[in-house]
Amino acid sequence: MAHLLASNPNASQKLICSNLEYYGVRSRRGSRTTSACYRVGRKRRCGLVLQCSSTTDQDVRLQIENGSSGKLKQQFEYLVCEYGWKVRRLFENADEIKKASQVQAEAFHVPVSLFNDLFFQFFQAEVLSGLLYKLKNSPPNRYACLVAETAIDDPDSAKQLVGVIDVTVLRDQNVLQHLPPEAEEYLYISGIAVSKTFRRRKIAAALLKACDMLSILWGFEFLALRAYEEDLGARKLYTNAGYQVVSRDPPWTSNWIGRKCRVLMIKRTSFSK
């Protein structure tokens, strides 16, 4: 898991700040310890910058190594490096956005007996449109689309997106009622998708760890997501990642034909105090 450790400003401060701003962390001049500030609940803390690491330590700390600008740039590009996968924020270019939407469309499309290919094309276009809308209309510290790719540093190996996940800042009262009174917002996790040929290889676990890192960078103690009650595989994945079931859909909202019952699962980051 990526580590965090307080840092002193140095010659690479400008580079560090630019990478933090890429992940929606605003810098503040004049801090005695570092240039980055973030919010936890109603408190403000200073000192978050990012490095990629493959350790499985549960504590999230900040660590900065002295090195060249090129080395720092590579370290700060990714939120986590886990299980052979690297997770970063989506590059907002047409080709990568299209690839991410394709991964999500393939994961969530329900095949039909007739004209399946045609329906899939419509569904993929809808997913792409939704992703474009969120990227265009959401502030960088309120929404992020994270993508996973191979961690093998081989220049001859073509990088490909193998997983996608959406992270959004929300304040839905149906979720806030399960959080402490001082919690005004939380991070909502949705749209988690893994390419069919890469499933059961811990990509989803790496994506969820990246969400943990993002919650710390953005200063949120709580993450929430919903899963189908009967999807035991997904629920086990989320439970292993630290999420706990706090409620389920009311019976009158899930008794309709084709409407599955969902459970709400919440996680409090290990960094919170």
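Strand 8 (222-228) and strand 10 (262-268) run antiparallel to each other, joined by seven bridges; strands here are DSSP runs of E, at least two residues long, helices are runs of H or I of at least four, and both are numbered from the N terminus. Two strands count as paired if DSSP finds at least two bridges between them. Tyr228 sits opposite Arg262 of strand 10. This is a predicted model, where local features need pLDDT of at least 70 and side-chain atom pairs pLDDT 80 or more, while totals for chains, interfaces and linings take in all residues. Numbering starts from 1 along each chain as its sequence is written, and side-chain values use heavy atoms, without hydrogens or water.

Zooming out, eight strands make an open, mixed sheet in the order 3-4-5-6-7-8-10-9. Strand 3 (80-82) and strand 9 (244-248) are the edges, each pairing on one side only. From one strand to the next, the twist averages 25°. Helix 6 packs on this sheet, touching strands 3, 4, 5, 6, 7, 8 and 10, and its direction makes about 155° with that of strand 7 (axes are lines fitted to C-alpha atoms, for helices over the stretch in contact, with angles from 0 to 180 degrees between N-to-C directions).

## The nonpolar cores

The largest nonpolar core has 37 residues, and Leu146, Ile189, Leu208, Trp218, Tyr238 and Tyr243 touch the most other members. A core here is a set of buried Ala, Val, Leu, Ile, Met, Phe, Trp, Tyr and Cys residues joined through side-chain atoms within 4.5 Å; buried means under 20% relative accessible area, exposed over 50%, and partly exposed in between, with a 1.4 Å probe and protein chains only. Helix 6 (203-218) is among the elements supplying at least two residues each, and helix 6 gives the most, with 11. A separate core of 12 residues includes Ile97, Tyr143, Cys145 and Val164.

Beyond four places in sequence, the contacts of Tyr243 (heavy atoms within 4.5 Å) include Ile189, Leu208, Asp212, Tyr238 and Met265.

## Helix 3 and Glu96

Helix 3 (residues 94-108) has 15 residues and should span 21 Å at 1.5 Å a residue, which agrees with the 21 Å between its end C-alpha atoms; the expected span is 1.5 Å times one less than the residue count. Its buried residues, including Ile97, Ala100 and Val103, pack against strand 4, helix 4 (116-137), strand 5, strand 6 and strand 7.

Glu96 belongs to helix 3 and is buried, at 9% relative accessible area. Its side chain makes a polar contact with that of Arg88 (2.8 Å); such a contact is a pair of N or O atoms within 3.5 Å, and within protein one must be able to donate a hydrogen and the other to accept it, with residues adjacent in sequence counting only if both atoms are side-chain atoms.
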